[in-house]
Amino acid sequence: MAASPRSAGLLRLVAFVFALVTTWIFIRSFDGFNMKTIRLPRWLGSVPKEIRVVKTKCGLNKPCPDNFFAFKLSSGAANVVGPSMCFENHVIMSPVKNNVGRGLNIALVNGTTGTVLRQNSFDMYSGDPTLLEKFLKEIPDSTLVLVASYDDPGTKMTDDIRKLFTNLGSSHAKQLGFRDSWVFLGAKDLKSKSPFEQFLKNDPNSNKYEGWPELLEMEGCVPRKVF
Ligand SMILES: *[C@@H]1O[C@H](CO)[C@@H](O)[C@H](O)[C@H]1NC(C)=O
């Protein structure tokens, strides 16, 4: 028997609500979606006025305000997994991009535009530390400096390099040593200490891995050039 127009309309409504609910369940079960930004329909009868899915830049826990850049830095895990750097949703360095190396991984970003200027990794175990010293001395004004360690950032460290990092706002560069974990975001002509720094000493009593401390992860919002 053919459905009357009335029951066909009801059927369509039921199908619509069913689709809505299954979509919601699907989105909910999808890891990494930020539920806080999804408005749920008020069940039957009301069509959602707005379904907005906002995924934060670099997967941050909460989005950055206007005029701030989102960033996330991870140091390497022991000598096994390389570090990664995300800035404004752009992965600058990572094992997948195959542009990280043991030692210190450093990216330079224009503090006004957020454009990546340079990135490089410096072998601090057997490399030539004057390469890093030259790199740091040539950082242009108003540049953000992102740093992530991998395996050993300390063996070839020099006092001159420590001083250059300290001038970028680092508190821990002066004690950086063999196999320490370090993530840091500083800036050229920063007049104070950067709030964006984490450091773990290589210490057999507290190391997470055999021979290395735990990897470090740091995320945050850095203001567009206000220094
Ligand atoms: C950064 O961007 C600003 C604005 O475009 C530009 O004036 C400045 O020269 C850039 N700095 C560097 C080091 O590229």
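1. Basis. The model is predicted, so local features are taken only at pLDDT of at least 70 and side-chain atom pairs only at pLDDT 80 or more, whereas totals for chains, interfaces and linings use all residues. Residues are numbered from 1 along each chain as its sequence is written, and side-chain values use heavy atoms, with hydrogens and water left out.

2. Overall fold. The chain has three helices and nine strands, where helices (H or I, at least four residues) and strands (E, at least two) are DSSP runs numbered from the N terminus. Along the sequence these elements follow the pattern α-β-β-β-β-β-α-β-α-β-β-β. Of the 227 residues, 38% count as buried, with buried meaning under 20% relative accessible area, exposed over 50% and partly exposed in between (1.4 Å probe, protein chains only). Among contacts (heavy atoms within 4.5 Å) between residues at least 6 apart in sequence, 57% join residues at least 24 apart.

3. First disulfide. Two disulfides are present, each being a pair of cysteine sulfur atoms within 2.5 Å. One joins Cys 58 to Cys 86, with an S to S distance of 2.1 Å; its torsion about the S-S bond is about -85 degrees, so this disulfide is left-handed. Cys 58 lies in the loop between helix 1 (5-29) and strand 1 (68-74) and Cys 86 in strand 2 (residues 84-87), so the pair ties together parts that are 28 residues apart in sequence. Cys 58 counts as buried at 10% relative accessibility, and Cys 86 counts as buried at 11%.

4. With the bonded cysteines numbered in sequence order, the pairing is 1-3, 2-4.

5. Helix 3. In helix 3 (residues 159-167), the buried residues are Ile 161, Arg 162, Leu 164 and Phe 165. They cover an arc of only 160 degrees around the axis, which puts them on the same side of helix 3; the arc is that of the directions from the helix axis to the C-beta atoms. These buried residues pack against strand 4 (103-110), helix 2 (129-137), strand 6 (143-150) and strand 7 (181-187). On the other side of helix 3, Asp 159, Lys 163 and Asn 167 are exposed.

6. Positive phi. Most residues other than glycine have a negative phi. Asn 67, although not a glycine, has a positive phi of about 65 degrees; Asn 67 sits in the loop between helix 1 and strand 1 and is exposed, with a relative accessible area of 52%. Asp 151 also has a positive phi, near 65 degrees, but Asp 151 lies in the loop between strand 6 and helix 3 and counts as buried at 13% relative accessibility.

7. Cavity. There is one cavity of 30 Å³ or more, a cavity being a set of points on a 1 Å grid over the protein atoms alone where a 1.4 Å probe fits but cannot get out, with lining residues having an atom within 4 Å of a point. The largest cavity has a volume of about 50 Å³, the volume being the space filled by probe spheres set on the points. Its lining includes Asp 151, Arg 179, Asp 180 and Trp 212.

Conventions:
On a 1 Å grid over the protein atoms alone, a cavity is a set of points where a 1.4 Å probe fits but cannot get out, and a pocket is an open set with protein on both sides within 12 Å along at least five of seven lines; lining residues have an atom within 4 Å of a point.
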